[in-house]
Amino acid sequence: MLPSKGTGAQNLNSPTEMGLVGNSSTPQSPDDIRPYDGGGQEKVQMKKQLGLLEGCAIILGIIIGSGVFVSPKGVIQEVNAVGTSLLIWVVCGLLSMIGALCYAELGTLIPKSGGDYAYILEAFGPLPAFLYLWDATFIFVPTTNAIMSMTFASYVLQPFFNSDCQPPGLSIQLLAAVTICLLTFINCYDIKSTTKLQNVIMFAKIGALVIIVIVGLVWMCMGNVENFENPFDDTETDPGKLSVAFYSGIFSYAGWNYLNFMTEELRDPYKNLPRAIFISLPLVTVIYVLANMAYLAVLTPEELIASNAIAVTFGNKIMGYMAWIIPLMVAISSFGGLSVHIMTSSRMCFVGARNGHMPAILSHINVNKFSPTPSLVFLCILSLIMLSISDVYVLITYCSIVESSFIMLSVGAVLYFRYKYPKKERPIKVSLWIPIVFCLICAFLIVVPCYVAPYEVVMGILITITGIPFYYVGVVWENKPQWLMKTIVAGTHICQKLFMSSIEEKED
């Protein structure tokens, strides 16, 4: 039996059956899992602890990861021209902003946590939503956690080795594993400490980029502008390469939709969600364009393409004895980005379980800390597994097209809801041309790589459709064997005791 939308933890005392992937409305014995009464304490719920500053810190924290410090070369190496490279950075920022405007409307129209998963579920039904959750839980989230943690570990360990010697791979993996576990523990233990940490790191990240911008502007004011002469000469015009360049730019802006994963924890989401988006996206776009202008002023396109850590190469060339600031800031930025990613992605997993699309235990909340501890631990384990896979970057490549398709589907939900619910009140209402333009651009970026990199596209599709059998076995199949039902309930009880967790209690 498919769970109805908006149900899940609320039906725990009903006689419905439990799927293999687990609606939390499942127990059918005298030992049924029931809401923790709290002994008269606060209700077991996700608390509204995030204000405007925390919302901005989440968006900026996830967008400004290590990408802009490490690999802006992905754009310049495809277009071969300084002017075209900067233009693509501007267009990618504008594309992210119009996408974020659509998510502002969705987040205030459907004030539920879960982001893309929640919007796809409401608009297009359970199967597409489940497939997004499948890809996100087993590919997008753990691989991103693994890559961000390894980037952090590499920059922390590099000062202990000579410039000609790279840190051993095993030491990077071990430190990355410790970092993932530490941040998972902090997120489980105290959400307030996590948000305070993110606020501090947000200002550190912006400060690092401002330093790069100021140094670059000073360099240009000294007359060093030869790299900007004839900026559009030899510009690449092949649509395939231009689309790849757009992907590189958009990757550095990725994360503008992550605050929507935590809508239910925002204070006054109708105001703070759109405000956080309207503040963060223009700020990121301006800083990114100016930072890339600074890179291109100091480094030639050839030096940019040859570097694997552009900000470090930039610092070594122009900042002298102060160059050590850059790798430190990259490490801090990666650490903060990983913390935000762990926190926000766990809410998507939590909401999926609440709707019966993941194991029931993942919809539980720790009764003392009010954090989704089971979901956090589950994603931590998957991330640690990804650290041991040598081709983790390949998985990201395979699924990048699929992820873009789901984002297009989410924005398409704006058009669907306008058609289906034209009279419904919308605190934020964007012009119709905005979602239409966004969907058309996304369609172009999805279709073109099909002939540029067909193998990667096919692999991404195959990874996605492997979720279909799990959907029908776990969610649709009603008459599961009694022994399997008892095993799942027993396992849920054990995990419930281990994590001191209970189902979410409804508001009165």
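Among contacts in the protein between residues at least 6 apart in sequence, what percentage join residues at least 24 apart? The share is 82%, where a contact means heavy atoms within 4.5 Å.

This is a predicted model, in which local features need pLDDT of at least 70 and side-chain atom pairs count only at pLDDT 80 or more, while totals for chains, interfaces and linings use all residues. Residues are numbered from 1 along each chain as its sequence is written, and side-chain values use heavy atoms, with hydrogens and water left out.

Values for the protein are tabulated here.

| Item | Value |
|---|---|
| Helices and strands | 20 helices and two strands |
| Buried residues | 57% of the 508 residues |
| Accessible surface | about 21,100 Å² |
| Carbon and sulfur atoms | 67% of the accessible surface |

Helices (H or I, at least four residues) and strands (E, at least two) are DSSP runs, numbered from the N terminus. Buried means under 20% relative accessible area, exposed over 50%, and partly exposed in between (1.4 Å probe, protein chains only). Accessible areas come from the Shrake-Rupley method with a 1.4 Å probe; for residues, only the protein chains shown count as cover.

Helix H1 covers residues 52–63. Its 12 residues should span 16 Å at 1.5 Å a residue, and the end C-alpha atoms are 17 Å apart, which agrees; the expected span is 1.5 Å times one less than the number of residues. In H1, 10 of the 12 residues are buried, including Glu54, Cys56 and Ile63. The buried residues pack against helices H8 (191–221), H9 (239–253), H10 (269–298) and H13 (325–354).

Glutamine 49 lies in the segment before H1 and counts as buried because its relative accessibility is 19%. Leaving aside neighbours within four places in sequence, glutamine 49 is in contact with Ile191, Lys192, Glu265 and Arg267.
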